[in-house]
Amino acid sequence: AVKLGREAAEKCLERAGLKPDQIDMIITVSCTGFMIPSLDAHLINLMGFRSNVRRMPFTELGCAAGAMALGRAADFLNAEPGGNVLIIAVELPSLTFQRKDISQANLISSILFGDGAAAVVVSGKQTRGPKILVSETYTFPDSLGAMGFDLRDSGFHILLAKDVPEMIGGKIGGLVEGFLERQGRKREEIKGWILHPGGARLLGNIETELGLCKCDTQPSWDILGNVGNLSSATILFILQEWLEKRPLQPGEYALAAAFGPGFSAEFLLLQWT
């Protein structure tokens, strides 16, 4: 995790033209392993971050954590204008593989999830690209058993309810409509759909409920097909696809959404600058 996290962070800072001592907060994200001290403490020593850099390690938020980290970075920058936040997501689902567990949930997760790391800088300075306007969290009532880990003597065992795609699909239309309405926006104004795919059935259900076609969500399908579900890092991989291959025009809006244990959904409204 330290090696992958450092590699992702160094490449990210290089592309952003920043040095470690220019970072004001580090948010590290992972749900597939625990480190005490956390990953950010290791990287502070290895990479030369300031001793007074703010630290915020996220653990139990699962696949939604990448989007939640973006939201918390924006919150910090509202209080500290002009600052820089480095988000580092490192996920190693292969560590949770259980060879003797032949349950459907374990078999599906072994096929679906992949190892990966991603990093992004969120800056309070004026730059080109997507600006985070607002974020919201919605936690589904009575949904604790939908997704998570069961810690046993042999390690982590995945909990994955088979009706998760239907649970999200049944509410996603109203949730997105309400989120956009509270920001004074309409669904027709959204030109980019940066969606955590979860799995093929889930992404298909979201498309149906939101009236989207595969062409609207192709980056999500590409990441799912090429590297699998990378848990919290997935939304950052998909965001990079949009930035590099399908950048929006200045002034246009995008919606980002990810889902994880709780069971929760995280929404962000972005505007390209």
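Author: Helices (H or I, at least four residues) and strands (E, at least two) are DSSP runs, numbered from the N terminus, and in these terms Ile194 lies in strand 8, which spans residues 190-195. The model is predicted, so local features need pLDDT of at least 70 and side-chain atom pairs count only at pLDDT 80 or more, while totals for chains, interfaces and linings use all residues. Residues are numbered from 1 along each chain as its sequence is written, and side-chain values use heavy atoms, with hydrogens and water left out. The protein chain has 8 helices and 10 strands.

Reader: Which residues are in contact with Ile194, leaving aside its neighbours within four places in sequence?

Author: Contact means heavy atoms within 4.5 Å, and with those neighbours left aside the partners of Ile194 are Ile235, Ile238, Leu239, Trp242, Ala254, Leu255, Ala256, Ala257, Leu270 and Trp272. The C-alpha atoms of Ile194 and Ser220 are separated by 7.1 Å, although these two residues are 26 apart along the chain. For the protein chain, residues 24 or more positions apart account for 75% of the contacts with a separation of 6 or more.

Reader: Which residues meet where helix 7 and helix 8 are in contact?

Author: Pro219, Ser220, Asp222 and Ile223 from helix 7 meet Thr234, Phe237, Ile238, Glu241 and Trp242 from helix 8. Ala, Val, Leu, Ile, Met, Phe, Trp, Tyr, Cys and Pro count as nonpolar, Asp, Glu, Lys and Arg as charged, and the others, Gly among them, as polar. On that basis the residues of this contact divide into 5 nonpolar, 2 polar and 2 charged.

Reader: Why are helix 1 and helix 2 called oblique to each other?

Author: The axes of helix 1 (residues 2-16) and helix 2 (residues 39-47) come within 10 Å and cross at roughly 60°. Helix 1 and helix 2 are therefore oblique to each other. In their contact, Val2, Gly5, Arg6, Ala9, Glu10 and Leu13 of helix 1 meet Leu39, His42, Leu43, Leu46 and Met47 of helix 2. By class, this contact has 7 nonpolar, 2 polar and 2 charged residues.

Reader: How many disulfides are there, and what makes a pair of cysteines count as one?

Author: A disulfide is a pair of cysteine sulfur atoms within 2.5 Å, and by this rule the count comes to 1 disulfide. The pair is Cys213 and Cys215, whose S to S distance of 2.2 Å falls within that limit.

Reader: Are Cys213 and Cys12 buried or exposed, or does either fall in between?

Author: Cys213, at 34% relative accessibility, counts as partly exposed, and Cys215 is also partly exposed, with a relative accessible area of 45%. Cys12, in turn, counts as buried at 11%, and Cys63 likewise counts as buried at 4%.

Reader: What is the phi of Ser231, and where does this residue lie?

Author: Most residues other than glycine have a negative phi. Ser231 has a positive phi of about 55° although it is not a glycine. Ser231 has its place in the loop between helix 7 and helix 8, and is buried, with a relative accessible area of 3%.

Reader: Where is Phe263 placed, and is this residue buried or exposed?

Author: Phe263 sits in the loop between strand 9 (253-260) and strand 10 (264-272). With a relative accessible area of 1%, Phe263 is buried. The C-alpha atoms of Phe263 and Tyr138, which are 125 residues apart along the chain, are separated by 8.5 Å.

Definitions and conventions:
Axes are lines fitted to C-alpha atoms, for helices over the stretch in contact, and angles run from 0 to 180 degrees between N-to-C directions. Angles under 35 degrees count as roughly parallel, over 145 as roughly antiparallel, 65 to 115 as roughly perpendicular and the rest as oblique. Buried means under 20% relative accessible area, exposed over 50%, partly exposed in between (1.4 Å probe, protein chains only).
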